[in-house]
Amino acid sequence: VRGLCGTYNWDQQDEFTTPAGDVELGVVAFTNKFRVPGACPAPGPVPLDSCDAFAGHQELVEAACAVLLGATFQ
């Protein structure tokens with residue numbers, strides 16, 4: 001999750017580091033680098049409201065967030 005959750009080096013210039021190691025300047029380009037093809041639609045120029053677009057995925061999202069908010073990442 002390096003880049004996705006920040007790099008924790010106090011340098012905001014590399015916060016959008018992609019899995020390939022390059023740094024994206026925009027949110028949409030950055031999120032597309034982590035998107036699994038076919039799993040969800042590619043975001044357009046304005047990010048989607050995830051609550052409206054993926055209402056049926058609430059349980060999955062809450063479970064994923066529980067991992068990020070858990071003891072491992074504290």
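Q: Is Lys-33 buried, exposed or partly exposed?
A: Lys-33 is partly exposed, because its relative accessible area is 41%. Buried means under 20%, exposed means over 50%, and partly exposed lies in between, with a 1.4 Å probe and protein chains only.

Q: What kind of model is this, and how are residues numbered?
A: It is a predicted model, where local features need pLDDT of at least 70, side-chain atom pairs count only at pLDDT 80 or more, and totals for chains, interfaces and linings use all residues. Residues are numbered from 1 along each chain as its sequence is written, and side-chain values use heavy atoms, with hydrogens and water left out.

Q: Back to charges. How many salt bridges are there?
A: Two salt bridges. The rule asks for a side-chain nitrogen of Lys or Arg within 4 Å of a carboxyl oxygen of Asp or Glu.

Q: Which side chains meet Lys-33 in a salt bridge?
A: One is Asp-22, at 3.3 Å from N to O. Another is Glu-24, at 3.2 Å from N to O.

Q: Where do Lys-33 and Asp-22 sit in the chain?
A: Lys-33 is in helix α1, while Asp-22 is in the segment before α1. They are 11 residues apart, and the pair links distant parts of the chain. Helices (H or I) are DSSP runs of at least four residues and strands (E) of at least two, numbered from the N terminus.

Q: Is Asp-22 buried, exposed or partly exposed?
A: Partly exposed, because its relative accessible area is 29%.

Q: And Glu-24, buried or exposed?
A: Glu-24 is buried, since its relative accessible area is 18%. Glu-24 is in the segment before α1.

Q: What polar contact does the Glu-24 side chain make?
A: It makes one with the side chain of Lys-33, at 3.2 Å. A polar contact is a pair of N or O atoms within 3.5 Å; within protein, one must be able to donate a hydrogen and the other to accept it, and residues adjacent in sequence count only if both atoms are side-chain atoms.

Q: What else is Glu-24 in contact with?
A: Leaving aside neighbours within four places in sequence, the list is Phe-16, Thr-18, Ala-29, Phe-30 and Lys-33. Contact means heavy atoms within 4.5 Å.

Q: Tell me about Thr-18. Where is it, and what does it touch?
A: Thr-18 is in the segment before α1. It is buried, because its relative accessibility is 4%. Residues up to four places away aside, Thr-18 touches Glu-24, Phe-30, Lys-33 and Phe-34.

Q: Switching to aromatics. How many aromatic pairs?
A: One. The rings of Phe-16 and Phe-30 have centres 4.6 Å apart and planes at 15°, so they count as stacked. Rings of Phe, Tyr and Trp (its six-membered ring) pair if their centres lie within 6.5 Å; planes under 30 degrees apart are stacked, over 60 edge-to-face, and the rest tilted.

Q: What does that pair tie together?
A: Phe-16 lies in the segment before α1 (27-34) and Phe-30 lies in helix α1, so the pair ties together parts 14 residues apart in sequence.

Q: How much of the chain is buried?
A: Of its 74 residues, 12% count as buried. Among contacts with a separation of 6 or more, 12% come from residues 24 or more positions apart.

Q: And the accessible surface?
A: About 5900 Å², of which 62% belongs to carbon and sulfur atoms. Areas come from the Shrake-Rupley method with a 1.4 Å probe, and for residues only the protein chains shown count as cover.

Q: Last one. Where is Phe-73?
A: Phe-73 is in the segment after α3 (58-69). It is partly exposed, with a relative accessible area of 43%.
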